[in-house]
Amino acid sequence: MKTTTLPRPPRVGLVSLGCPKALVDSERIITKLRGDGYQMSPDYAGADVVLVNTCGFLDSAKAESLEAIGEAIAENGRVVVTGCMGRDAEIIRERFPDVLAVTGPQQYEEVVAAVHEAAPPSASPFIDLVPEAGLKLTPRHYSYLKISEGCNHRCAFCIIPHLRGDLVSRRPDAILREAEKLFEAGTKELLVISQDTSAYGLDLKHAAWNWRGHEVRAHMTDLARELGSLGAWVRLHYVYPYPHVDSVIPLMAEGLVLPYLDIPFQHASPKILRAMKRPANDAKVLQRIREWRAQAPDLAIRSSFVVGFPGETEEDFEYLLNWLEEAQLDRVGCFRFEPVEGAPATSMEDQVADEVKADRFDRVMALSARISADKLAAKVGKTLDVLIDVVDAETGGATGRSKADAPEIDGEVHLRDASELRAGDIVSVLIEDSDAHDLYGVAV
Ligand code: SF4
């Protein structure tokens, strides 16, 4: 009998840099490529083409992206570049003339076409069935859910609107369909992401769509309620404190949505917030935080701050420290202001010296570590629901997260004697100890 050797399917290597939004783009691209018969290569050597999804948010991220492109060229030679830095095609081409193609963010069709050209799909590919929920780069039990692209604001330190354009929201029924598929495929936690979650649906004039026999508006509150009814944990990221955020708090109190808000405040001083051109710059925000906590006492608030923004005086900085002391945020990230090419703040007067930025950064981190340590110490003796991320077969321990902890950015809960658990389990954990960022306990 004559046997036919089917051609080997082409293989794609992937280097995915940047934020969760870029990760979701990578997932979409590889889902499409797998559907076209491509296989993924875990290393450079086995790849017919390497796709580098770049980040262009800060100059340091651009440098990292260029380094990744250089490494892929050196190790493999056949490289397609996509993502935020794709907007800087000339810089990439000048430095790496051998790059096969450069496409920008969200140009899914263009990047897939570039891969097709670089390594054509085989005539009779072994097409692995792509799971209906698409392919994910995060573990199966949590998924990022992107609800919109772009941003209508023009914060002085940011070039995202330049890179990604104005706000374009997805239809609520499309988001809910994706969320449902992810939930059916084993997702236990949906992480809602965008550049500005509170602005969701503004561009759609908050119109309503039919979903399972009832109307759902393209609005953060409606969407949060519907997502919450699926049965997964729902965590809201990048929420600006617009007035309607108050209407999400009751959903948290009801247990539909996790009592967690990721609000990128960036500063507290009204003068600096004005100079930053931040949206929802609300002088009464401390009062609102108190009201939110009265309604949802377990509410965890995470935020990030920029120190050393041009014009930030010691007085402005101390305003921030006092504000942080009062706000008692659960998790705080801090960045030293970094000039980004194309951002208005880069050419502002009164740039702050690097040593001053470093000193202010240390002071914010020390204060937030103290607040975090106190807040975590208050959880010792309590029993918390924990979603298990990893079980360590060697030590018999496991690592997971409580409702107050988002993956990658917040703290963790370390469990002892947990070898019978599996990633994706949600278990009750008695908290036995704490430190500045993490909790320690045992499943009960
Ligand atoms: S809200 Fe401001 S910082 Fe955030 S993406 Fe929009 S412009 Fe950038």
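**Entry 1: a hairpin**

Which residue takes a positive phi in the hairpin of E10 and E11? I looked, and Arg 212 does, with a phi near 50°, in a hairpin that has 2 residues between the strands.

Before going on, I noted that this is a predicted model, where local features need pLDDT of at least 70, side-chain atom pairs count only at pLDDT 80 or more, and totals for chains, interfaces and linings use all residues. Residues are numbered from 1 along each chain as its sequence is written, and side-chain values use heavy atoms, with hydrogens and water left out.

My element names are DSSP runs numbered from the N terminus: helices (H or I) have at least four residues, strands (E) at least two.

E10 covers residues 208-211, and 4 bridges join E10 to E11 (residues 214-217), the two running antiparallel. I count strands as paired if DSSP finds at least two bridges between them. Asn 210 has Glu 215 in E11 as its bridge partner.

For me, buried is under 20% relative accessible area, exposed is over 50%, and partly exposed is in between (1.4 Å probe, protein chains only). In a regular strand the side chains alternate between the two faces of the sheet.

**Entry 2: helix H4**

Which residues of H4 are buried? In this helix (residues 108-118) I found Val 111, Val 112, Ala 114, Val 115 and Ala 118. They sit on the same side of H4, because they cover an arc of only 155° around the axis. The arc is taken from the directions from the helix axis to the C-beta atoms.

The face turned away from that buried side carries Glu 109 and Glu 117, both exposed. I also looked up what the buried residues of H4 pack against: strand E1 (11-16), helix H1 (20-35), strand E3 (49-54), strand E4 (79-83) and strand E5 (101-102). Contact here means heavy atoms within 4.5 Å.

**Entry 3: H11 beside H12**

How do H11 and H12 cross? The axes of H11 (residues 314-327) and H12 (residues 354-377) come within 10 Å and cross at roughly 10°. That makes the two helices roughly parallel. The axes are lines fitted to C-alpha atoms, for helices over the stretch in contact, with angles from 0 to 180 degrees between N-to-C directions. Under 35 degrees counts as roughly parallel, over 145 as roughly antiparallel, 65 to 115 as roughly perpendicular, and the rest as oblique.

On the H11 side of the contact I listed Glu 314, Phe 317, Glu 318, Leu 320, Leu 321, Leu 324 and Glu 325. H12 brings Arg 360, Arg 363, Val 364, Leu 367, Arg 370 and Ile 371. By class, that is 7 nonpolar, no polar and 6 charged residues. I sorted Ala, Val, Leu, Ile, Met, Phe, Trp, Tyr, Cys and Pro as nonpolar, Asp, Glu, Lys and Arg as charged, and the others, Gly among them, as polar.

**Entry 4: the barrel**

I followed a closed barrel of 5 strands, in the order E16-E17-E18-E20-E19, with mixed pairing. Its neighbouring strands are turned by 50° against each other on average, direction ignored. E16 (residues 383-391) and E17 (residues 398-402) run antiparallel and share 5 bridges. Val 391 stands opposite Ala 398 in E17.

In the loop between E18 (413-416) and E19 (426-434) I found Asp 417. Asp 417 has a positive phi of about 50° although it is not a glycine, and it is exposed at 53% relative accessible area.

**Entry 5: some buried residues**

Gln 266 also made my list: a positive phi of about 70°, and not a glycine. Gln 266 lies in the loop between E13 (260-262) and H9 (270-276), and at 10% relative accessibility it counts as buried.

Leu 145, in strand E6 (residues 142-146), is buried with a relative accessible area of 0%. Beyond its neighbours within four places in sequence, Leu 145 has contacts including Ile 175, Leu 182 and Leu 227.

Ser 65, in helix H2 (residues 59-75), is buried too, with a relative accessible area of 0%. Not counting residues up to four places away in sequence, Ser 65 touches Leu 17, Thr 54, Cys 55 and Met 85.
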